[in-house]
Amino acid sequence: MTSDPAWRQTLLQGHWFKHLPLSLQDSLPGLARLRELAPGQYLFQRGDAPCGLYAVLSGSMRVGAVSSEGKEALLTLVEAPHWFGEISLFDGQPRTHDAQAEGAVRLLWIPQAALLSLLAQQPEYWRDFALLMSQKLRWVFVALEQQSLLAAAPRVAHRLLQIAAGYGEMDGTRRVLQLSQEQLALMLSLSRQTTNQILKSLQQEGALRLGYGEIEILDLARLQALASPAGTATR
């Protein structure tokens, strides 16, 4: 249980929490606990039993999986004020992916048993958590479509725009993304060489600035043009 008001201000920056019924916003503090992870520490791994719902307060979580041959699939980097872990809340099945701290991470944790107890008492809240999951599902469908239909450069531009907009969870657009070229390549299932070539080309055009472990967006309109269907013909 936590009474620290600072986490609530962080989470109110996200659309999902901000639009929850006030009664649910007020109920969650009594269930919540704070967790801190060291860089590289696993929160859970594929196959683990469900343990609850999490929100990132600071830092970022690496969500993905590694095959038996050592090949990594990186789905996303989860940053504040995003929530994750809701799939196992609905089906009670084991975790589908690994969640690992990219650096030092501070999390808000709602334990599974406490959350299910609340939902048993207030079943109308299920819809709010269903909306959280449906937002992720929409994003997954878009990503699958892009992987099938878009060339590499538009996919890079579109993913950068999605990350900058917090995948639709935040107001406004961030200009500096804490993201390495290797991470971006893994997210898009592209080779590091291809991703590097596209990013360097965008840097030469003045759309981006590449730094160590970060990408700064300089020309938002240029990225938007490249990511649009009309822009796919340019690369």
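**Entry 1: the interface**

I looked up the buried area first. Domain 1 and domain 2 bury about 1,400 Å² between them, and 46% of that area is on carbon and sulfur atoms. I noted the meaning: buried area is the accessible area (1.4 Å probe) that two parts lose on being put together, summed over both. The size of an interface is often given this way. H15, L74 and W139 supply 36% of the area that domain 1 buries against domain 2.

The model is predicted, so local features need pLDDT of at least 70 and side-chain atom pairs count only at pLDDT 80 or more, while totals for chains, interfaces and linings use all residues. Residues are numbered from 1 along each chain as its sequence is written, and side-chain values use heavy atoms, with hydrogens and water left out.

**Entry 2: the two domains**

Where do the domains run? Domain 1 covers 5–140 and domain 2 covers 151–227. These bounds come from an automatic or database domain assignment. The contact (heavy atoms within 4.5 Å) takes 19 residues from domain 1 and 14 residues from domain 2. I also looked up the centres, taken over C-alpha atoms: 25 Å separate them.

**Entry 3: what crosses the interface**

I searched for salt bridges, each a side-chain nitrogen of Lys or Arg within 4 Å of a carboxyl oxygen of Asp or Glu. The rule finds one across the interface of domain 1 and domain 2. E79 forms a salt bridge with R174, and their closest N and O atoms are 3.1 Å apart. Side chains of opposite charge can pair when their charged atoms come close.

Next I counted polar contacts. Each is a pair of N or O atoms within 3.5 Å; within protein, one must be able to donate a hydrogen and the other to accept it, and residues adjacent in sequence count only if both atoms are side-chain atoms. Seven residue pairs are in polar contact across this interface, both residues at pLDDT 80 or more.

Which elements give two or more residues to the side of domain 1 that touches domain 2? They are α2 (15–18), β5 (72–79) and α6 (126–149). The largest share, six residues, comes from β5. Helices (H or I, at least four residues) and strands (E, at least two) are DSSP runs, numbered from the N terminus.

**Entry 4: another salt bridge**

By the salt-bridge rule the count comes to nine. I picked R8 and D26, whose side chains meet at 3.0 Å, N to O. R8 is in helix α1 (residues 6–11) and D26 in helix α3 (residues 22–31). The two residues are 18 residues apart.

**Entry 5: backbone details**

I checked the bond from A80 to P81. This peptide bond is cis, with omega near 5 degrees. P81 lies in the loop between β5 and β6 (83–84).

S189 is in the loop between α8 (181–188) and α9 (192–204).
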